[in-house]
Amino acid sequence: MSFQNLGLNESLQRALADKGYNEATPIQRQAIPPLIQGRDLLGIAQTGTGKTAAFMLPSIQRLVAANEHVRPRACRMLVLAPTRELASQIAQSARDYGRFSKLSIATVFGGTSVSKDRSTLANGVDILVATPGRLIDLIEQRFVTLGDIEILVLDEADQMLDLGFIHALKRIVQLLPKTRQTLFFSATMPKAIRDLADKFLDDPVTVSVTPVASTAERVEQYVTFVQQAEKQALLTIFLKTTEVERVLVFTRTKHGADRVVKLLAANGIASNAIHGNKSQPQRERALAEFKSGRVKIMVATDIAARGIDVSGVSHVINFELPNVAEQYVHRIGRTARAGASGVAIAFCADDEKSYLRDIEKLTKQKIEHRQLPADFVAEGARLKAARAATGVSDTPERVRRDIGNNRQPAHPRATHRARPAGAGASSGAGAPRTVANPATTAGRPAGAGAGQARPAGNGQGRPGGGRGRGGRGRGGGGGGGSRASA
């Protein structure tokens, strides 16, 4: 169906023609006519289905037709999104579709200057796209008011709940006028989301397209079974032997993403990481380099699974399988967009096989197994030496522990303190400490260098841990321990 048959005005059709959009997607065909009429809407749809245009086109048309003047610090349409990247993309789409209107459009999210937001909102805006946390901050500082809202859009509602925004959403809705049009979009519809929609919506039209259990038809899917500590070798071999356009690599943790980038760099492969610990300028720079093709590999946590819309992603690699099956569908949906084809590859360790079973049960399809490459053993040995040079541990037990604790692995040459059994419980005279490196100290008492050991209680000892410094030892209390070089 053409956009010309959906009741959109001439200026919107011109904007769509300029972007090369002619045929409406299923969600656009179902959603646009009732939204033009002012109905509330409950949309169940993934990213990549065209839902931004589905809610933005009729909303722009309604705002232009109403021709209301926006007051200072107010807005007429509020779009709430879970991530900065998604908020930026929605705002850009609004500018593209509304290019022939005189509507003002702004976006606010964390990681940017609050004073800049205050200046942006001072005269009021027609369309405001915001993340819930930053919007609450601006409301509390009285930089924005919500009493004039005509249209409210909640996009990716399930992800907002996953990120802990439920209380912020409820607080924001309490500040809105009772009479408004509300549009509610979610990729999944668990009971918590359904209950939230019931509170926000009034006799809504329900639109459901592309059920979450379905994966893109043009995505080739493979899984390779590999030990956790060997995944980096497998990733490096793949990237060096495969022609790719753009590759998204997904990890479960932020530090895991940084680790992958660091080890790829050690092997001469450029990549960027994007996750919640990155500053806004870092995220924008990484995304810009990925979109332009300057850096072809992006390593991301699930913050990017539904928040980044980049065309030309040829491969999605699940470096670590998600522990929520639906997230797999969102991840691989980053490829095979706009009629293109794509490849999705999963690296599955022994402790991730239950996640794989959940994914296959959800998608109702068996993912094809692919064997390890023939040169995997040799490449793994070479990468082990590269990892040692970077100072990142490759011990399988340590890698699994770090993933579970969501932190960087310990430096293999880090110094660790060890206390003998029972030490630390006594007090009084300090037990002598020994250095467990026979090549350098041969078990000498602490402080046996150029200085003399001082017993605890003379004003120099510290209960629980003496230390030798430059040859002058300080005897500790009963908690003293030995120092071993790991």
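Predicted model: local features only at pLDDT ≥ 70, side-chain atom pairs only at ≥ 80, totals over all residues.
1. **The β9 and β12 pair.** Strand β9 covers residues 247-250 and strand β12 covers residues 315-318. They run parallel and are joined by four bridges.

2. β2 spans 75-80. Is this strand mostly covered or mostly open? It is mostly covered: six of its six residues are buried. Five bridges link β2 to β4 (residues 125-130), and the two run parallel. Four bridges link β2 to β5 (residues 151-154), again in parallel. M77 stands opposite I127 in β4, and L78 stands opposite L152 in β5. In general, side chains in a regular strand alternate between the two faces of the sheet.

3. **Packing of α2 on α3.** Helix α2 (residues 26-36) packs with helix α3 (residues 51-66). The angle is about 20° and the axes are 9 Å apart. The helices are therefore roughly parallel, as the angle falls under 35 degrees. Their crossing is right-handed.

4. **Residues in that contact.** From α2 come I27, Q28, A31, I32, L35 and I36. From α3 come K51, A53, A54, F55, L57, P58, Q61 and R62.

5. **Positive phi at R73.** R73 is not a glycine, yet its phi is positive, near 60°. Where does R73 lie? It is in the loop between α3 and β2. R73 counts as partly exposed because its relative accessible area is 35%.

6. **Positive phi at K364.** K364, also not a glycine, has a positive phi of about 60°. The residue lies in the loop between α14 (353-363) and β14. Its relative accessible area is 72%, so K364 is exposed.

7. **Surroundings of G110.** G110 is in the loop between β3 (105-108) and α5 (114-121). At 22% relative accessibility, this glycine is partly exposed. Leaving aside residues up to four places away in sequence, G110 touches R84, T131, R134 and Q280. The C-alpha atoms of G110 and L135 are 8.9 Å apart, while the two residues are separated by 25 residues along the chain.

8. **Cysteines.** How many disulfides does the model contain? The count is zero, with the sulfur cut-off set at 2.5 Å. Two cysteines are worth a look for their accessibility. C75 is buried because its relative accessibility is 1%. C348 is buried too, with a relative accessible area of 1%.

Definitions and conventions:
Residues numbered from 1 in each chain as written. Heavy atoms only, no water. Buried < 20%, exposed > 50% of the residue type's maximum accessible area, 1.4 Å probe, protein only. Pairing = 2+ DSSP bridges. Axes fitted to C-alpha atoms, helices over the stretch in contact; angles between N-to-C directions. Parallel < 35°, antiparallel > 145°, perpendicular 65-115°, else oblique. Left-handed = near helix turned anticlockwise from the far one by under 90°. Contact = heavy atoms within 4.5 Å.
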